[in-house]
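Here's a structure to look through together. Keep the sequence and the 3D view side by side as you read.

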Amino acid sequence: MLRNLKSRLGRTLFFLPFMALATLNHGFSHEPTNSKKISGPQRREVRIPIRDFRLIDQNGRSFDFKTVRDKVVVLAFAYTTCPDVCPLSTAAMREIQIALDRIERSSVYFITVTTDPEVDSPKVLALYAKRYGVDLSDWTFVTGEEAVLRGIWQNFGVRVVKKARGLVDHTSLTAVIDRTGTMRFAYYGTAPDPKVVIEDVRSLLARRSNS
Amino acid sequence: MLGLKFMSLMRSLLVVAISFAVTGCGRNQRMDRLYAERCLGCHGSFGRGDGAVATSLPARLPDFRETVQRKSTGQIRRIISEGRGIMPGFDPALRPAEITDMVEMVRFLSREGRDVSWWEKYDTLVVAHCSVPWDLFLGYDDAPEEKRVEKP
């Protein structure tokens, strides 16, 4: 009788961890929540001189900002594994690229600067551009050394905080830079309205000399 | 004597198998965290494509309950790894074990509020990854350190 009881107790103890595991599996089924709020787009007129920079493009070649100095530049900060605003701003930029006519596009250039150089290698950027169907004839995705990028982020007033691999908190900024290399329009928050940006770009194109 | 021990072992294995069949590998906090960080904004709390960002997107997002059931684990994994359209590809940023967790999470959400086919109850057993202590091999549970890149 006692032996039988011992045997039953032993068996129960043996199965206990498995029962606990089974209970735990159910215990974690709470819904994930996200308190992160994305603010609406904000347009600001600014006058911030942008310094020249040299980075690496999506083909692994050197890209010099000097080479597009004579153009109106639409520049955005994004990273390829961004789960919220960046896909919207890249899609908005693509809309702008499509909406401009051939003559306008010859005087406009698009740049996407990564905020996550650890993950965004040239190859990763090239795949990202392909997914968005970007015409790379007048749009360059750039990455580089973190120290170099840090200087660029600072110049544009972009704050970058790395949270985990492939997860970065950064100021969501799309900027329009005139032909003298001065940032004239800044769009913060969610993706800018392409129509508003196009209007601003056209206003800069219309000016023979930007004062 | 040997036969009794064998029967006892078989009984133990049966109980373990039944436990996992009933509960699956289980949804855990790690999956919830990954989902909250990387997917929730667009796909929403229940994977119905109604996250905070979804209304601003140029495309309609799928409801996992309608689409995931028809996809193989490999297909879901590929979408998460390589991205699709404007959905980011997470392969360059996440470890294989983390992508597996995301696949499982998507499967869990796809089962919410609908009749689950009998074979889906065994899906987690087929994948059977979570019964293996991957974290011991991959060091997955090391908490990612908050690394400040730049001070504003």
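Let's begin with Arg65(B), which sits in helix 4 (residues 64-67) of chain B. A helix here is a DSSP run of H or I with at least four residues, a strand is a run of E with at least two, and both are numbered from the N terminus. This is a predicted model, where local features need pLDDT of at least 70, side-chain atom pairs count only at pLDDT 80 or more, and totals for chains, interfaces and linings use all residues. Residues are numbered from 1 along each chain as its sequence is written, while chains are lettered from A and ligands numbered from 1 in the order in which they are written.

Another arginine to find is Arg95(B), in the loop between helix 5 (73-82) and helix 6 (96-111) of chain B. Arg65(B) is partly exposed because it has 16 other C-beta atoms within 10 Å, and Arg95(B) is partly exposed because it has 15.

Now try two C-alpha distances in your viewer:

| Pair | Apart along the chain | C-alpha separation |
|---|---|---|
| Arg65(B) and Pro88(B) | 23 residues | 21 Å |
| Arg95(B) and Ser8(B) | 87 residues | 39 Å |

Zooming out, chain B has 8 helices and 0 strands. Of its 152 residues, 30% count as buried. Two residues are in contact if their C-beta atoms, placed from the backbone, lie within 7 Å. Among chain B contacts between residues at least 6 apart in sequence, 56% join residues at least 24 apart.

Finally, check the confidence. The pLDDT, the predictor's confidence in each residue from 0 to 100, averages 85 in chain A, and 79% of the residues score at least 70. Over residues 15-31 of chain A, though, the pLDDT is below 50, and this stretch has 19 contacts in the model beyond near neighbours in sequence.

Technical notes
Buried ≥ 20, exposed ≤ 12 C-beta atoms within 10 Å, placed from the backbone.
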